[in-house]
Amino acid sequence: MSEVRMEVAVPTERAVYLETDNDRIIMIILMVVLPPLAVFFKCRGCSKHVCLNLVLYLLLILPAYKHATWFCFVKGREHEAENGFVRKSL
């Protein structure tokens with residue numbers, strides 16, 4: 001008899017990149033020079049946020065700086081509490 005094999009495709013998770021202090025310093029320098037570069041550095045590639053920041057930079061410069069600041073330093077930090085303390089995971 002023939003054997004029947006069933007393979008289940010398990011979706012792979014994106015690799016989590018831990019941000020270091022050096023990365024934050026580089027993002028600050030890039031954000032001062034050109035905000036879309038800082039967003040590109042944070043995304044590790046081209047994404048909708050990079051395109052949005054580029055359009056904001058070409059049209060109006062100040063919103064591009066605000067978006068880059070939000071994207072690089074505020075977004076994705078849900079695990080941190082308001083007072084700088086990390087929430088205890090249950």
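The structure is a predicted model, in which local features need pLDDT of at least 70, side-chain atom pairs count only at pLDDT 80 or more, and totals for chains, interfaces and linings use all residues. Residues are numbered from 1 along each chain as its sequence is written, and side-chain values use heavy atoms, with hydrogens and water left out.

Leu 37 belongs to helix 2, which spans residues 35-43. Helices here are DSSP runs of H or I with at least four residues, strands are runs of E with at least two, and both are numbered from the N terminus. Between the C-alpha atoms of Leu 37 and Asn 53 the distance is 9.2 Å, with 16 residues separating the two along the chain.

## The buried face of helix 2

Pro 35, Pro 36, Ala 38, Val 39 and Cys 43 are the buried residues of helix 2. Viewed down the helix axis, these residues fall within an arc of 160 degrees, so they line one face of helix 2. The arc is taken from the directions that run from the helix axis to the C-beta atoms.

Their cover includes helix 1 (21-33), helix 3 (48-59) and helix 4 (61-73), where contact means heavy atoms within 4.5 Å.

## The nonpolar core

Nine residues make up the largest nonpolar core: Met 27, Met 31, Ala 38, Val 39, Cys 43, Val 50, Ala 68, Phe 71 and Cys 72. Helix 1, helix 2 and helix 4 are the elements that give two or more residues to this core. Such a core is a set of buried Ala, Val, Leu, Ile, Met, Phe, Trp, Tyr and Cys residues joined through side-chain atoms within 4.5 Å.

## Arg 44 and the salt bridge

Just after helix 2, Arg 44 has a positive phi of about 65 degrees. Arg 44 forms a salt bridge with Asp 23, and the closest N and O atoms are 3.8 Å apart. This pair joins distant parts of the chain, 21 residues apart: Arg 44 is in the loop between helix 2 and helix 3, and Asp 23 is in helix 1. A salt bridge requires a side-chain nitrogen of Lys or Arg within 4 Å of a carboxyl oxygen of Asp or Glu; by this rule the count is one.

Arg 44 is partly exposed, at a relative accessible area of 44%, whereas Asp 23 is buried, at 9%.

Technical notes: Buried < 20%, exposed > 50% of the residue type's maximum accessible area, 1.4 Å probe, protein only.
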